[in-house]
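My notes follow in the order I made them.

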Amino acid sequence: MGVIGLIYIINNKRSKINNLAYFLLTHIIKNAKIPLDVSILRWGVKKMRKIIDSHLHISKWGDEDFISCFDEYCKEQSIHALNICAIPSRQSNVCNNIIMGFYKLARPKNYIHGGIELINIPIDNMPKDMDAVTQYRELMEIGFDGIKMLEGKPTEHKRIGKDLNHPSLNALYKEIEKDGTHLIMHVNDPDEFWDLKRAPDWAIKAGWTYTDGTYSSYEDIHNQTLKVLEDYPNISVTIAHFFFCGKEPEILERLFKLYPNFCVDLTPGGEMYVEFQKNYDYYKEFFNKYSDRLIFGTDSAYLGDNKYEKWLFNVVTTFIGTDKPVSSFDDKILCGLGMSQEKVDNIFYANFERRVGKEPKKIDKEKFRAYIEKYSFALTDEDKKRIEPLIKKYL
Ligand SMILES: [Zn+2]
């Protein structure tokens, strides 16, 4: 059947035996000087790698078909599964949750983390049959795999009008902790966003600078999050973007020791990759020591030409999964960590699977339909128009 046929077979099922077979095969090819196109070997390595992208968004409807955009991403990068996270910044959480539900109906091997709709603001003013806990229960019954909170991002934090450890949110953390549900929290932004002299131009343009006195401080939001962890020490929480602790990783080391289910994801924030490069030796040890607390994700939305997203994917996967150099976010060379396969696997998919499940939950169509009806008041006419054909096709 030939060498290529053998590579094809062992790539189709990934296991330790297949890994060994692949290793031996490449060894034989090299030593016997069999003339084989190197790109096939590279293709083999790519296919062997298992990756779950734990942090993606459907950020807007756009004119493009978000399902085929994600299909293309999975195919191109050989991604095992995606986890789509709620993002209420361009549309209501309700609308975003509904799109995610349809995505899962169309592509059931993927995961979704839903968001709580802020029906009334401040958040303590939510109606009883639509408070945070009720909405959480509904999402879990529909078949969401976890919850995503953006309420710790300074813009959203300002909008909720209350602290992250306000009683109405505490009731939610309590349920999430009790159920062992996975929670992804975006907390804060890079500290330079509170200082116009240090804030990057793109952040200023995006309206993500917090110097006009109407936003909580970096320290306040950070400390409110620490209080949540203190009050719910067993909560299964992943804080996005390294908790913006690239300059103070000792904070993470302390939290890893205190809280057994506390993780951070590695979605850029390019600034943290700059820190990884600056303190390479420290971080090499850090990644090896805490590979069971770090989770791979890209925070991408995959619409448009995806040039930046592809570049970003390459930087992050080269850094985590190889010992090769790659040009990083500050145009300087970031060297791959050269970790063992087991540690790379932890970060690429195993930590996520341990926390969320090896198989995504199934969508309960009845419950999903009831949710769409109950919360349709939170949809714009344009949203409704776009959802209509999806209802006909999938429900
Ligand atoms: Zn995100």
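Entry 1. I started with Glu 192, which lies in the loop between S5 and helix H9 (201-205). The model is a predicted one, and I read every value below as computed from it.

Next I looked up what Glu 192 touches, leaving out residues up to four places away in sequence. The contacts are Arg 198 and Ala 199. I also took the C-alpha separation of Glu 192 and Thr 209, which is 8.4 Å. These two residues are 17 residues apart along the chain.

I then sorted the residues of S5 by face. In a regular strand the side chains alternate between the two faces of the sheet. His 182, Ile 184 and His 186 are on one side of S5, and Leu 183, Met 185 and Val 187 are on the other. Both faces are covered, with the residues on each side all buried.

Entry 2. Which strands are joined to S5 by bridges? Strand S4, residues 146-152, is joined to S5 by five bridges, and the two run parallel. In this pairing I found Gly 146 opposite His 182 of S5. Strand S6, residues 236-239, is joined to S5 by four bridges, and this pair also runs parallel. Here Met 185 stands opposite Ile 239 in S6.

Entry 3. I moved on to Glu 219, which I found in helix H10, residues 218-231. Is Glu 219 buried or exposed? Glu 219 counts as exposed, because it has 11 C-beta neighbours inside 10 Å and the limit for exposed is 12 or fewer. I also checked Glu 219 against Asn 188: the two are 31 residues apart in sequence, and their C-alpha atoms are 9.0 Å apart in space.

Entry 4. Last, I took down the totals for the chain. I noted 17 helices and 10 strands. The chain has 395 residues, of which 40% count as buried. For contacts between residues at least 6 apart in sequence, I wrote down that 78% join residues at least 24 apart.

Technical notes
Residues are numbered from 1 along each chain as its sequence is written. This is a predicted model: local features need pLDDT of at least 70, side-chain atom pairs count only at pLDDT 80 or more; totals for chains, interfaces and linings use all residues. A residue is buried if 20 or more other C-beta atoms lie within 10 Å of its own, exposed if 12 or fewer, and partly exposed in between; C-beta atoms are placed from the backbone. Two strands pair if DSSP finds at least two bridges between them. Two residues are in contact if their C-beta atoms, placed from the backbone, lie within 7 Å.
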